[in-house]
Amino acid sequence: MVMSRPFVPAVTQALKSFAGPAFALARELPLRADLARLKGERPLAVFLPCEGRTGAALLRIYAVAEGLRPLGWRCLVVPPKMTLSQRQRFLTQADPDVLVMQGARHALNRPCFYAGAPIVYDMDDADFHLPHLIEPVRAAMHHVEAVAAGSRYIADWCRKAGAKGVEVVWTGAAPSARFRPPQEDRPPVIAWAQTRPQAHLREAELVREVTTRLAARRPGLTLRLYDRQKGDAPDFAARFNAPGLSVEWVKKAIYSDYLSLFDDVSLGLAPLCPEDPFSRGKSFGKVLAYFDREVPVLASEAGEHGAFFRPGLGVLSNDPQVWVDEGVRLLDNGAARAGMAAAARSAFEVQLSQAAAAARMDRLLCRVVGKAQSLHA
């Protein structure tokens, strides 16, 4: 039998109407199973990430939730694709002690949608400088119990906007256990670990200036850019071309694969140009991979950098000539690179690890829910 044309769209629509609720239920069931498995007296923290296990959501939500469990918390992360009705239904059932909401980049991350548990607002970027986010971010400040700010700049803005209980919680990452090739054996590869580098034109110009001058003094360098995605124009990478310098722009990768792209890197660049207001809120998210894979860092004296970098942990300056002179020195001295990178990794493990970030969040959440004594007795 041959189906008539009107019948085909009807079947397609019927399948869609069945599949939609089925997929929604599939997102909800594992979370409910986790809730049943985590029954107990320990306080429950439910996290609302802005996206899946990538970028800031991976480090500030999923990893922090994992790090809080050994500290006495039950933690659940809501899949970002769950609908508002699903979220509200689940939260009614779960009755969490605290809700951790990652900024306003997800359309359902709005405090007004969730009654009941106190909300801790997590913000790692200066989203109040983005025209499409300024209003929801500002409105949130009056409806949350506390803010976990990624930098002092963000914390100051939140306090001025009326938020209470604001604390700085630096982004951290779990140190990887994989072998790190010795710096002395690495080729002259220079990394600029920036997500969507073509959106950071001031920083890109600083990178172009420094690498051009470095290549003039030490020909044979490679500049590696990151996070190339489908549709990106290749002419962005071409702007860095210079005599003695080759340029590569590697594809976006999952975090473990991303880390491996630093195993042959001799120098890492961390430019911040505070003339761009959005850049003033930056902290350490883009340099964690350098620390983890023992790459010495040339960093701008801006943002949070001055709160971490001490002499011997990296080069901290806003003078491009200092970057060039120190870059030449380090490229010529593998032992100096290795010493600086090892010292920075040790400091990273203490101050910028996943455990350090979880400990800071633990103190903030304990204060909000008033559970410090029972949790850590």
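Visitor: Where does Arg-196 lie?
Guide: Arg-196 lies in the loop between β7 (189-192) and α6. Helices (H or I, at least four residues) and strands (E, at least two) are DSSP runs, numbered from the N terminus. This is a predicted model: local features need pLDDT of at least 70, side-chain atom pairs count only at pLDDT 80 or more, and totals for chains, interfaces and linings use all residues. Residues are numbered from 1 along each chain as its sequence is written, and side-chain values use heavy atoms, with hydrogens and water left out.

Visitor: Why is Arg-196 called partly exposed?
Guide: Its relative accessible area is 28%. Buried means under 20%, exposed over 50%, and partly exposed in between (1.4 Å probe, protein chains only). So Arg-196 is partly exposed.

Visitor: What makes the phi of Arg-196 worth a remark?
Guide: Phi of Arg-196 is near 45°, a positive value in a residue other than glycine. Most residues other than glycine have a negative phi.

Visitor: Which value does phi take at Asp-95?
Guide: Phi of Asp-95 is positive, about 50°, although Asp-95 is not a glycine. Asp-95 lies in the loop between α3 and β3 (98-102). With a relative accessible area of 60%, Asp-95 is exposed.

Visitor: How do you know whether Ala-94 is buried or exposed?
Guide: Ala-94 has a relative accessible area of 11%, so it is buried. Its place is in helix α3 (residues 84-94). Ala-94 touches Leu-35 and Leu-44, not counting residues up to four places away in sequence. Contact means heavy atoms within 4.5 Å.

Visitor: Why are α6 and α11 called oblique?
Guide: The axes of α6 (residues 201-217) and α11 (residues 320-331) cross at roughly 45° and come within 9 Å. Axes are lines fitted to C-alpha atoms, for helices over the stretch in contact, and angles run from 0 to 180 degrees between N-to-C directions. Under 35 degrees counts as roughly parallel, over 145 as roughly antiparallel, 65 to 115 as roughly perpendicular, and the rest as oblique. α6 and α11 are therefore oblique to each other.

Visitor: Which residues of α6 meet α11?
Guide: Leu-206, Glu-209, Val-210, Arg-213, Leu-214 and Arg-217 do. Among their partners in α11 are Trp-323, Val-324 and Leu-331.

Visitor: What makes α2 roughly perpendicular to α13?
Guide: The axes of α2 (residues 55-68) and α13 (residues 354-369) cross at roughly 75° and come within 8 Å. That makes α2 roughly perpendicular to α13.

Visitor: Why is the pair of Phe-284 and Phe-308 called edge-to-face?
Guide: The pair is 5.6 Å centre to centre, with 65° between the planes. Rings of Phe, Tyr and Trp (its six-membered ring) pair if their centres lie within 6.5 Å; planes under 30 degrees apart count as stacked, over 60 as edge-to-face and the rest as tilted. Hence the label edge-to-face. Phe-284 is buried at 0% relative accessibility, and Phe-308 is buried at 1%.

Visitor: Why is the pair of Phe-291 and Phe-309 called tilted?
Guide: The ring centres of Phe-291 and Phe-309 are 5.8 Å apart and the planes are at 55°, so the pair is tilted. Phe-291 lies in helix α9 and Phe-309 in the loop between α10 and β12 (315-316), so the pair ties together parts that are 18 residues apart in sequence.

Visitor: Which residues do ring pairs link into a cluster?
Guide: Trp-170, Phe-284, Phe-291, Phe-308, Phe-309 and Phe-348.
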